[in-house]
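Please keep the sequence and the structure in view while reading.

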Amino acid sequence: MDEGKIDALVNLAGELIVAKNGISHLARRLQDELEDRELARAVRREHDAIERLAGEMHAAVLQLRMVPLAQVFRSFPRLMRDMSQRLGKKVRLVTNGETTEADKAIVDRLFEPLLHLVRNALDHGIESPERRRTAGKAEGATVTMRASRAGDRFIIEVIDDGRGIDPAIVRRRARERGVIGDDELAVLPDDQVIDLIFSAGFSTAAEVSDISGRGVGMDVVRATVERIGGRASVISRVGAGTTVRLDLPMNIAMSRIMVVSAGGQIFGIPMDAVTETVRLTPDRVSRIKNNDGFVLRDRIVPICSLAELMKLPQARPPGFDARLVIVTDISGKVIALEIDAIEDRLEVVLKPLQGLLSNARGYAGTTLLGDGRVLLVLDLKEILP
């Protein structure tokens, strides 16, 4: 089927989801305001049926846009041969899971980040044949690109059997580049130190290209992956190799969001970023380095006010001593976002910002609520400190 026609169908199915949310809003009003409870229940039953059908139709339409990852994987055998010959290294590429399918809009965006990963694996991760012999390894190295399904998401791993990433060298480079404060760096465990290779200040520095395993372009990889709702992580063992893992959504047409209120306004927060909600009594909150924080499972979590971040007046509900926070995990950084209330949880179709707002930072997009209001959905990575 023509790609334009498929996109038009996806948009229509998305509008149906918006209309379904409108019916949900009316059904709740009827239950609250109508004396005829039986009629209200009948409306709710019909809404539930429409919700099921709209969801099934949307999923069926999205299936039309699914393509196998072979479309992006097939470019790499020749690229690998050319790069390994240029570098004088013997490298074999192994691919698994090429038949795994994902939304074409996501697959089309994966080539650049995967190219960065393969380049860095060959240039910085894989040793020369002489060094591999000295280390007791086979002269020929192996780079594996592996894809697999994980529920409603899919995973791509780029694995090499090279020298791995030395946390001590990453610590030294991070200190030299001022990527992180010395106090925080001193107590950071090795696995989190390795994650610093994704930092912009770290990976854009020319001097880091000789670090064992990775360097140039890793900030680009994480930024690209996060723009399509994914997460990038790295695992490495010195002398044994490195695995970079991309955790990605199957499609980008639907988003699960939490609708929250803060400072007298409502906002949407992507559910992918939310790990839990906590109501904090005053005795659990402490002042830590000019900022409020609390201890969650032996970890100190700083508290940020959403109203303050959005430059809105603080409006904590009267009679509530406890503070409501959403614990978020953005690229491994855990922060609690203080809000006034949780209004709803929805599946929505996100639209990009347009017109004068098209270049506004801090927003993932907009959607329509059931009562017709436009909801701004936040990009927490942009607004959190």
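Which residue in strand 5 is the bridge partner of Val143? The partner is Asp160. The model is predicted, so that local features need pLDDT of at least 70 and side-chain atom pairs count only at pLDDT 80 or more, while totals for chains, interfaces and linings use all residues. Residues are numbered from 1 along each chain as its sequence is written, and side-chain values use heavy atoms, with hydrogens and water left out.

Strands of a sheet pair through backbone hydrogen bonds, either parallel or antiparallel. Strand 4 (residues 141-150) and strand 5 (residues 153-160) pair in the antiparallel sense over 8 bridges; two strands pair if DSSP finds at least two bridges between them. Strands (E, at least two residues) and helices (H or I, at least four) are DSSP runs, numbered from the N terminus.

Turning to the helices, the axes of helix 6 (residues 111-125) and helix 12 (residues 218-227) come within 9 Å and cross at roughly 155°. Axes are lines fitted to C-alpha atoms, for helices over the stretch in contact, and angles run from 0 to 180 degrees between N-to-C directions. Helix 6 and helix 12 are therefore roughly antiparallel to each other, a term for angles over 145 degrees. The contact (heavy atoms within 4.5 Å) involves Pro113, His116, Leu117 and Asn120 of helix 6 and Met218, Val220, Val221 and Thr224 of helix 12.

Definitions and conventions:
Angles under 35 degrees count as roughly parallel, over 145 as roughly antiparallel, 65 to 115 as roughly perpendicular and the rest as oblique.
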